[in-house]
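Subject: Structure for your review

Dear colleague,

Please find below the structure that I am handing over to you. My notes on what was found in it follow, and I would be grateful if you read them with the model open.

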Amino acid sequence: MGKRALCSCLVIAASSLHPSAAFAPSTSSLPAVKHHNGAAIPAASTRLSAGSFYDDPLLSSSANRSSNSNTASSQSSQQQGAAPLKKKDLRTLQRFLEVECWKSPSIRNLDRTLLGVSDACKQINRIVQRAQTDDLYGAAVDPVTGQQVDENVQGEVQQQLDVLCNTLMLRAFCGASNNAICAVASEEEPLPRSCADVMGYDMFSTAGEYVAVFDPIDGSKNIDSSLPVGTVFGIYKSPEGVKRGDEGYSLDSFLQRGTKMVAAGYCLYSATTVLVLTLGSGVHGFTLDPDKQTFLQTHPNMRIPDVGCLYSFNEANSREFTEPVQQYLEKMKESGKIGGKKVSSRYVGALVADVHNILINGGIYGYPSTRDNPNGKLRLLYESAPMAMIMEQAGGAGSTGHGRILDVLPRAIHERVPTFLGSVENVFELDQFHKYYGEDDDDDDE
Ligand code: FBP
């Protein structure tokens, strides 16, 4: 479909109008969005931890003062006039899981599994921090032959850390005492594996009504330069009456739309270690207390701003991006403002880190399709879909450019999908550019 004559910027009412109007400064296409309280509060006020510095009388008083914990832009119930919580008042992840899983029958027996996953994240956090000192770098070698192990199903040489963190996550999901999970799929495994196979005991074969998917170490290329990395995971309930094959699971349990996920989360290993989780009713963030090695609920009910001025794309690939995305980025930079705020680019090169930044501050993250990778780079099942569930649960959006990521029916475990995640207004505009520039190919096969 040829390009229509460009018209001058008008208020976006119907998607047929030229989408760049959205970037026209202070046009009414974007609601006049003001960052929640607008106060320039540092990203995260530091909490002094009980039991270490907290006992220091000099510091304790400042702790009381600097209690406005959550970031300025993500508004949680805590900031709405509630007295700031001191550290000891923060709910632990364990308590949160016990209560939330008890509350909803559909996830009733996932509390121990998720607690096990949080323990694995603590171990991965330690491993990532020790990678330099304990020489956990470089390609993984076969413990028996001493030979470098083969490439993984992504065609990447498996790093020692990939293998280590993969093992920790496999055990965390399959080893939970109440056997809630029957099988798992990982970025590092060519095919799903039953928990009986992972744990090496048949007793696990009768296990659970759930399956788990995960990327044990996301952005692993960043480790060499000590930049942030992450872990991503999602949990699906096996469809009623699904027949398990000889492998102890059914692929149908995995190849479900993201809308079927019952829980999703990521853990960010960075300046602080933050576990962000949704059980299908809101999003909550837990920061690891380095002294007590306990995840504390520092970000209850996270909400992403409806519009944000951050964008996170690897623009080195922009020549290969599809026209709608090229036009979207071009028009945004031309106007230099979104919602009256100056646009700014941030790209760490790790999905978890970049999306966490967008979740806190608003804006859009994108890994588009390119001429060489028509489906982009990110894997639908254990990268894009879990992040899209978190984004939507926080009031944001997750799109392929042609529809919700969560509506895409996966056809294969390691299938890739163009991925756009962020504030609802920003992602809406990107979808308008796809509509306007007419590259409308339904990649949803049903
Ligand atoms: P893995 O590291 O798990 O393979 O994930 C892919 C990833 O590293 C994302 O975390 C990140 O957003 C993207 O690839 C970076 O890709 P590029 O280096 O092409 O920008």
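**Surroundings of the ligand**

In this predicted model, the shell around the ligand is made up of six nonpolar, four polar and eight charged residues. In total, 18 residues surround the ligand. The closest of them are Asp218, Asn314, Tyr347, Leu351 and Tyr367.

Where do these residues come from? Domain 1 (89-299) and domain 2 (310-445) both contribute to the shell, and the ligand therefore lies between them. Among the strands, β3 (210-218) and β13 (363-367) each provide at least two residues of the shell. The largest contribution is that of β3, which gives three residues.

For Tyr347, a polar side-chain atom is 2.6 Å from an oxygen atom of the ligand. In the case of Asn314, an N or O atom of the side chain lies 2.8 Å from a ligand oxygen atom. For Lys221, the distance between an N or O atom of the side chain and an oxygen atom of the ligand is 3.4 Å. On its own, the ligand has 470 Å² of accessible area, and the protein covers 91% of this.

Finally, which pocket holds the ligand? The ligand sits in the second largest pocket.

Yours sincerely,
A colleague

Methods. Residues are numbered from 1 along each chain as its sequence is written. This is a predicted model: local features need pLDDT of at least 70, side-chain atom pairs count only at pLDDT 80 or more; totals for chains, interfaces and linings use all residues. Side-chain values use heavy atoms; hydrogens and water are left out. A residue is near a molecule or strand if one of its heavy atoms lies within 4 Å of it. A polar contact is a pair of N or O atoms within 3.5 Å; within protein, one must be able to donate a hydrogen and the other to accept it, and residues adjacent in sequence count only if both atoms are side-chain atoms. Accessible areas come from the Shrake-Rupley method with a 1.4 Å probe; for residues, only the protein chains shown count as cover. On a 1 Å grid over the protein atoms alone, a cavity is a set of points where a 1.4 Å probe fits but cannot get out, and a pocket is an open set with protein on both sides within 12 Å along at least five of seven lines; lining residues have an atom within 4 Å of a point. A molecule sits in a cavity or pocket if more than half of its atoms lie within 2 Å of its grid points. Helices (H or I, at least four residues) and strands (E, at least two) are DSSP runs, numbered from the N terminus. Ala, Val, Leu, Ile, Met, Phe, Trp, Tyr, Cys and Pro count as nonpolar, Asp, Glu, Lys and Arg as charged, and the others, Gly among them, as polar. Domain bounds come from an automatic or database domain assignment.
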